[in-house]
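Visitor: Could you walk me through this protein? I have the viewer open and some questions ready.

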Amino acid sequence: MELTTPTKLEFYDQMLKLQSKAILVHYFKGDDGRKALILDNTIFHPQGGGQPSDTGFICVTDSNLRFCVQDVRSKDGVVFHYGVAEDSSMENELEQGKGKEVILQVDESRRRLNSRLHSAGHLLDVCMRNVGFGHLEPGKGYHFPDGPFVEYKGTVPLNELQNKQREIEIEVNALISKGGKVNATVLPYREAAELCGGSLPDYIHPGSNPRIIKLGDNPGCPCGGTHVSDVSEILSMKVYIINLLHLENDNLINDPHVSECQI
């Protein structure tokens with residue numbers, strides 16, 4: 001199946017929107033047996049960037065048909081909403097429903113939790129710089145409820161790790177208490193770089209228009225996920241540091257692995 005028109009991502013600039021309308025483009029059964037809907041636009045966040053996908057429902061306008069969205073993925077700009085029809089006898093309506101209007105409803109509690117965890121990961125980056133760990137390079141971020149963490153690459157004296165753990169936790173909770181508006185903006189490359197402290201990661205290509213998330217007065221960061229509307233909505237964080245060791249040019253290097261836990 002070839003689809004060349006990217007799905008418009010409504011959550012890009014309306015992260016708090018939980019209900020919207022769209023047009024059904026295609027309904028199909030994939031090679032793995034899962035059934036999926038493709039729409040012209042969506043408010044469902046697909047899994048990616050360390051953030052799990054949204055779940056919820058898609059209903060055909062003026063119909064009793066309701067499609068339960070269990071997983072959302074994106075490939076080549078096209079968003080696939082995987083799930084099942086509540087009433088399998090009505091699947092024929094989806095198969096013949098190209099061009100019909102549908103109503104999208106995102107599960108609010110799951111979206112809010114995912115957004116809190118993702119924003120917490122970004123705030124952790126800010127705190128790492130504030131406590132003197134700015135030389136560490138952020139790596140993998142995992143913003144799932146079953147043990148969220150951010151990995152950092154670099155070297156830290158082992159005797160500093162435990163003291164810094166407490167310092168990071170105090171700093172991050174102070175920033176949460178202070179609060180600050182969270183904004184998402186798609187900007188030209190040069191403007192985006194300025195908002196992010198003067199440079200962008202190598203994976204952001206010059207000439208592109210990246211989406212930048214900014215938490216309060218702190219430098220921005222490229223991101224395609226959903227976030228809280230204010231830093232205070234993260235509520236609180238418990239921080240743990242796990243030291244990961246690896247060999248690099250015959251030298252033992254420690255990479256701090258920082259876990260964040262909402263309470």
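Guide: Happy to! In this predicted model, the centres of domain 1 and domain 2, taken over C-alpha atoms, are separated by 30 Å.

Visitor: How many residues does each domain bring to the contact?

Guide: The protein is divided into domain 1, spanning 8–106, and domain 2, spanning 111–262. The contact takes 16 residues from domain 1, and from domain 2 the number is 16.

Visitor: Which residues of domain 1 lose the most area to domain 2?

Guide: Let's begin with the area itself: the two domains bury about 1400 Å² between them, with 55% of it on carbon and sulfur atoms. On the domain 1 side, three residues together account for 45% of what that side buries. Those that lose the most area there are Y12, M15 and Q51.

Visitor: How many salt bridges does the rule find across the interface of domain 1 and domain 2?

Guide: The rule needs a side-chain nitrogen of Lys or Arg within 4 Å of a carboxyl oxygen of Asp or Glu. D54 and R111 form a salt bridge, their closest N and O atoms being 2.7 Å apart. Across the interface of domain 1 and domain 2, the count is one.

Visitor: And by class, how many residues on the side of domain 1 that touches domain 2 are nonpolar?

Guide: Polar contacts are found here too, with seven residue pairs across the interface of domain 1 and domain 2. By class, the touching side of domain 1 has two charged residues, six polar ones and, for nonpolar, eight.

Visitor: Which residue just after α2 takes a positive phi?

Guide: Helix α2 covers residues 108–130, and its 23 residues reach 33 Å from first C-alpha to last, close to the 33 Å expected. Just after α2 comes a positive phi of about 95 degrees, and the residue that takes it is G132.

Definitions and conventions: Residues are numbered from 1 along each chain as its sequence is written. This is a predicted model: local features need pLDDT of at least 70, side-chain atom pairs count only at pLDDT 80 or more; totals for chains, interfaces and linings use all residues. Side-chain values use heavy atoms; hydrogens and water are left out. Helices (H or I, at least four residues) and strands (E, at least two) are DSSP runs, numbered from the N terminus. The expected span of a helix is 1.5 Å times one less than its number of residues. Domain bounds come from an automatic or database domain assignment. Contact means heavy atoms within 4.5 Å. Buried area is the accessible area (1.4 Å probe) that two parts lose on being put together, summed over both. A polar contact is a pair of N or O atoms within 3.5 Å; within protein, one must be able to donate a hydrogen and the other to accept it, and residues adjacent in sequence count only if both atoms are side-chain atoms. Ala, Val, Leu, Ile, Met, Phe, Trp, Tyr, Cys and Pro count as nonpolar, Asp, Glu, Lys and Arg as charged, and the others, Gly among them, as polar.
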